[in-house]
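Subject: Structure for your review

Dear colleague,

Please find the structure below, followed by an account of what was found in it.

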Amino acid sequence: MSTVFIPAVLRANVGGVKSLELEGDSIRAVVGALVAQHPSLGSQLLTDDGDLNRFVNVYVNGQDVRYLEGLDTPVAPADEVRLLPAMAGG
Amino acid sequence: MPKSYADLLREARSQIREVSPQEVDALPAGAATIVDVREASEWEQGHLPGAHHVSKSYIEQQIEGAAPDRDAPVILYCAGGVRSLFAAQTLAEMGYSDVASMSGGFQAWKGAGLDFETPVVLTAEQKQRYSRHLLIPEVGSAGQARLLGSKALFIGAGGLGSPAALYLAAAGVGTIGIVDFDIVDVSNLQRQIIHTTDRVGERKVESARQSINALNPDINVVLHEEMLVAANVERLIAGYDVILDGTDTFETRYILNDAAVAAGIPVVHASVFRFEGQLTTFVPYDGPCYRCLYPTPPPPELAPGCSVAGVLGVVPGILGLLQANEALKVLLGIGTTLSGRLLLFDALETEFTELKLRRDPNCPVCSDAAVQARAEGHPLQVDGVDVDAPFLMTMTGLAGKVSPDARA
């Protein structure tokens, strides 16, 4: 199980929790498990083609998956996965 | 047995090696740490190039700041070569193994026609006001003079800009520009502490100027009462040394990013949402830019501003002060900025998290290809579409015009 941290802006979609423990050995599998549990997140995280939306960054242990292997980036059981959308408030 | 001055001087001469001004002048740069032990009033009249100033009365307390390595060579000098001998004895007692005193002191140096520097002299009022900065070796009077000659631009005098502008004003950043077209609303006062209840209804730029000058009348406050847009951004940011981005729209943040990268001006970026904040420093070409981090803005429903979603007032306060800290480091050229790192703050957990940011090699604004296109005076082409900074934003940004493959 890896820990997925949910940013405040998306918490309403996951019942208000800050993090979830999810199964999956890749970002694709973990995000898939997240969307399966909380389908309303699907359109916010993924494009119609199943790619990550460009305005949501995904980090594994502090590293942007765009510079690793994207959705195919491997995820180990103790890894921390963080979703990070842009915020504008000032 | 009591000792006379002559006894003490003889003892010091027998213990401390002396070097001539010519020998000091012939040293390669950085071969020794040169420390001026005279009083501040003497230092201000001129000193050896590259010397540190630690007056003899503070030598025990402050030498470790100027010369941290006890085995590295240290050369002390004063006006005539006596005080530096006694100071050198003190350093030898403290375990400095290679200490010398310059014979004849600064008078002999000048008499030999060797180069010297005259430091920027702060006024007596400035010395009092900034005394706690002057005590820090990394700032000192040279750093304070640098701050007084610096220009910082605030995009927004809101939740982030309020504390940051007050602290930069207090720190003596000589010119503070403020871009804001809004007026003070009573709902701003829960966090925008640069404004006051009796100024509700006034222009924010004018209200901010009053607070800044009440705190520090020396600061030149430049009011830009207009909305930052693509048509005016280059004019607004021109001449500033650092920009603090505290706006609350994506459009403004992208327009600012694109123009600041092109102008080579660092942007200290922060944004807040309820209990959370994000902070980084975009130093053009040193680290990523805003578009490397977020290639396109999210749809509006995913990114409500403070006026829709709310924010705990202290969150922009904390993030704004971290912005001010970043700006001071950029202006002073000290420490390590957040360039290439994104700092996340969670007020509910009191938790800071750091993420690594990278430059996007295909960034339409800061990639080598984009830099080259700007230098050649034509728009960068991505996927057959002209893109040029500053971009005209749409809510889908470049994603609407350029395929993900071209940006992958």
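Which residue in strand 2 of chain A does A:S2 stand opposite? The residue is A:L22.

Please note that this is a predicted model, in which local features need pLDDT of at least 70 and side-chain atom pairs count only at pLDDT 80 or more, while totals for chains, interfaces and linings use all residues. Residues are numbered from 1 along each chain as its sequence is written, and chains are lettered from A and ligands numbered from 1 in the order in which they are written.

Chain A

Strand 1 (residues 2-5) and strand 2 of chain A run antiparallel and are joined by 4 bridges. Helices (H or I, at least four residues) and strands (E, at least two) are DSSP runs, numbered from the N terminus; two strands pair if DSSP finds at least two bridges between them. An open sheet of 5 strands in chain A has the order 2-1-5-3-4, with mixed pairing. Strand 2 (19-22) and strand 4 (63-64) of chain A each have a single partner strand, so one side of each lacks a neighbour in the sheet. Helix 1 (residues 27-37) of chain A lies across strands 1, 2, 3 (56-60) and 5 (80-85) of chain A, at about 115 degrees to strand 2 of chain A. Angles run from 0 to 180 degrees between N-to-C directions, and axes are lines fitted to C-alpha atoms, for helices over the stretch in contact; two residues are in contact if their C-beta atoms, placed from the backbone, lie within 7 Å.

Chain B

Chain B holds an open sheet of 5 strands in the order 1-5-4-2-3, with parallel pairing. Its edge strands are strand 1 (17-19) and strand 3 (52-53) of chain B. Strand 2 (residues 33-36) and strand 4 (residues 74-77) of chain B are joined by 4 bridges, and B:T33 has B:V74 in strand 4 as its bridge partner. Helix 5 (residues 83-93) of chain B lies across strand 4 and strand 5 (99-102) of chain B, running at about 175 degrees to strand 5.

Helix 1 (residues 5-15) of chain B packs against helix 5 of chain B at about 60 degrees, with their axes 9 Å apart. In this packing, B:A12, B:R13 and B:Q15 of helix 1 meet B:L85, B:F86, B:Q89 and B:A92 of helix 5.

Contact between the chains

Chain B gives 35 residues to the contact and chain A gives 18 residues. Elements of chain B that give two or more residues to the side touching chain A include helix 13 (250-263) and strand 10 (267-273).
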